[in-house]
Amino acid sequence: MTSHGSARRSTTPTACRSTSPAAEPVHQDSARRILLAAPRGFCAGVERAVATVERVLERHGPPVYVRKEIVHNRRVVEELRSRGAVFVEDTDQVPEGAVVILSAHGVAPTVHADAARRRLRVIDATCPLVTKVHREAQRFARDDYDILLIGHAGHEEVIGTLGQAPDRIHLVDGPHDAASVQVRDETKVAWLSQTTLSVDETRATVQALQARFPALAGPAGEDICYATQNRQTAVRRIAARSDLVLVLGSANSSNSQRLAEVARNAGARAAHLVDSAAHIDDSWLDGTTTIGLTSGASAPESLVTETLHWLAQRGWHRIETVTVTTETQHFALPHSLTKPA
Ligand code: SF4
């Protein structure tokens, strides 16, 4: 585990402001507007992970090996690749003795063991909030609990957390799994969750588990991270007022997928997850007046800027930013990078 800063949730009150009313044209486009969610885009864990790769590229020069996509975003991965990052599926593809960066999603202890066998120099960009979940899993396993991990099968973060105590953790992929999961002792059961889930769905799953296991224990604080919660709150706020919600993010980004789902559930007529403005279908704009716009925690702000430009070319000039909180979180780089080279 690497060193990190604090992760306090902001308490800044809700605020709404219109950012460019002067740009509103006087013809039929005047009703058209964009509701821009805030917070959106990069979270503290993604900023740290991307900065880690950039710092290692500066310090060691290319190639720099990264196990898995450093964060789940096509634009980020393409840009880092163009600068010399080499993304591999596993450590056995890294030359012996080389530097390898582990992605923000976290890994099972077996990955560290494999890297040590190959004498790799590991720089761990696991988000500190994922590491917190790993520690909770280790603590419950030490106390001989069966751990019910709420999460999506196959996601890299889930694979890493399952690996913390493979004999003790069972995956619960939604409320339907709560009825069938098997445990050794119904009085010694604890739940944990993936950090990027839907807040509402996870609450429903926890309630189903509590109904079945009245003694169910849980994490000390919420596992769903501040960034996931804030982005869902913000998109919920704009979705209720939008005909169409566009979520910028990649298809393999869990928190981005959840934003599109939350928008649909919150009343948007339609919500689409797109990698960039180039993937927006013009036909989605038919009959649309208000467009909600947000971006996942791994999506860079350049994607938002490009999309605003694309929409302006089609008559959406007026932008109203809807801010539900202001984030102040920051995580320091991994310890090995803060020491002199
Ligand atoms: Fe960390 Fe949350 Fe960002 Fe994931 S989404 S990297 S858990 S802050």
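Residues are numbered from 1 along each chain as its sequence is written, and side-chain values use heavy atoms, with hydrogens and water left out. In this predicted model, local features need pLDDT of at least 70 and side-chain atom pairs count only at pLDDT 80 or more, while totals for chains, interfaces and linings use all residues.

**Ring contacts**

There is one aromatic pair in the structure. Phe140 and Tyr145 form an edge-to-face pair, because their ring centres are 5.2 Å apart and their planes stand at 65° (rings of Phe, Tyr and Trp, the last by its six-membered ring, pair if their centres lie within 6.5 Å, and planes over 60 degrees apart count as edge-to-face). Phe140 is buried, with a relative accessible area of 4% (buried is under 20%, exposed over 50%, partly exposed in between, with a 1.4 Å probe and protein chains only).

Arg139 lies over the face of Phe140, 4.5 Å from the ring centre. Likewise, the charged end of Arg32 sits over the ring of Trp316, at 4.3 Å from its centre. Such a charge has NZ of Lys or CZ of Arg within 6 Å of the ring centre and within 35 degrees of the ring normal.

**Backbone features**

Most residues other than glycine have a negative phi, and most peptide bonds are trans.

| Site | Feature | Angle |
|---|---|---|
| Ala38 to Pro39 | cis peptide bond | omega near 5° |
| Pro62 to Pro63 | cis peptide bond | omega about 0° |
| Arg119 | positive phi | phi about 55° |
| Asp144 | positive phi | phi about 65° |

Pro39 is in the loop between strand S2 (33-38) and helix H1 (44-60), and Pro63 is in the loop between H1 and strand S3 (64-67). Helices (H or I, at least four residues) and strands (E, at least two) are DSSP runs, numbered from the N terminus.

Arg119 lies in the loop between helix H3 (109-117) and strand S6 (121-124) and is exposed at 55% relative accessibility. Asp144 lies in the loop between helix H4 (128-142) and strand S7 (146-150) and is partly exposed at 36%.

Key:
Rings of Phe, Tyr and Trp (its six-membered ring) pair if their centres lie within 6.5 Å; planes under 30 degrees apart count as stacked, over 60 as edge-to-face and the rest as tilted.
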